[in-house]
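Thanks for making time this morning.

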Amino acid sequence: MRVAVIGASGMLGTDLMAVLGADGAGLTHADVEVASRESVEAALPAEMDWVINTAAFHDVDGCEAAPRRAFEVNAVGALNVAAAAGARGAGVVFLSSDYVFDGTDSVPYGEDAAVGPLNVYGISKVAGELAVRAANPRHLVVRSAYLFGKRRSGKGWNVVSAVVERARRGEPLTVATDLVFSPTYTADLARRIVVLLEHKVTGTVHVTNAGACTRLEFTRAVLEEAGLDTPIRQVSAAELPWRARRPLLSALASPLQERLGLPPLPGWRDAVRRYLKEERAS
């Protein structure tokens, strides 16, 4: 199975390339601009079974400030990649988000739940999903959430390392207590995506580490696993100076994977522990 990975130097792309090994062909932003159909068509290898598109404008508040760019990357880019892959006879994987939901449910969202995004980022991701489904019949839309992992170029920024680095610098931590989500380690996500492709799964699937937590619980767990004792100022999401609204509950469930007999990914706290251990080792 030959797989092209767009965004190969990002967190998820780095782990996908590690899992795929010689079967992976990596494309970075220097190689392809997904918002340009010409760039995508010129960059994609001729013979691929799948193209995994991890390129995204995922700064949620940044998308509110620059909606045109959000749609260029997350929607038009998704369409360009899906169409170009289909023209080569390849399937396409599109990475979407928990922010396609409005957060008003009381239980984690399954794959069949109705979307209702609250912000430009979520709307652009829904548009990307629709474009992918329309442009390429052999598609896999993977919704995930709150990714953390390493980039090929180095540690980079992610939600776990940001908490650790700020705590070590003695900076104050202000955390919302009322946002519930499903954190995801990109190493686990990458392995599961490849498994899904090997099982020839198509459609829409939710992939996160097992369990859900509040941002407060997540931050406390990161500090404990890192051996840090840092005070946390607890606030509601409404008190934070965010430009974009966030869904209060965006935790994801996967009835589809249960039906397929695929085991849940390891729990989110175990994932945090393994990520920090890898960071210390490197």
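Let me start with Asp-188, which is buried, at a relative accessible area of 4%, and please keep in mind throughout that this is a predicted model. Its partner is Arg-191, with which Asp-188 forms a salt bridge whose closest N and O atoms lie 2.7 Å apart. Arg-191, for its part, counts as partly exposed, at 42% relative accessibility. As a general point, an α-helix has 3.6 residues a turn, so residues three or four places apart point the same way.

A second pair, Glu-224 and Arg-269, also meets in a salt bridge, at 2.7 Å from N to O, and this one links distant parts of the chain, with Glu-224 in helix α8 and Arg-269 in helix α10, 45 residues apart. Here Glu-224 is exposed, at 51%, while Arg-269 is partly exposed, at 29%. Through shared partners, salt bridges join both pairs into one network, together with Glu-225, Asp-270, Arg-273 and Arg-274.

Across the whole structure, the search finds 15 salt bridges. One of them pairs Arg-246 with Asp-61, with the closest N and O atoms 2.8 Å apart; Arg-246 lies in the loop between β13 and α9, and Asp-61 in helix α3, 185 residues away. In this pair, both residues are buried.

How values were computed
Residues numbered from 1 in each chain as written. Predicted model: local features only at pLDDT ≥ 70, side-chain atom pairs only at ≥ 80, totals over all residues. Heavy atoms only, no water. Salt bridge = Lys/Arg side-chain N within 4 Å of Asp/Glu carboxyl O. Helix = DSSP H or I, 4+ residues; strand = E, 2+ residues; numbered from the N terminus. Buried < 20%, exposed > 50% of the residue type's maximum accessible area, 1.4 Å probe, protein only.
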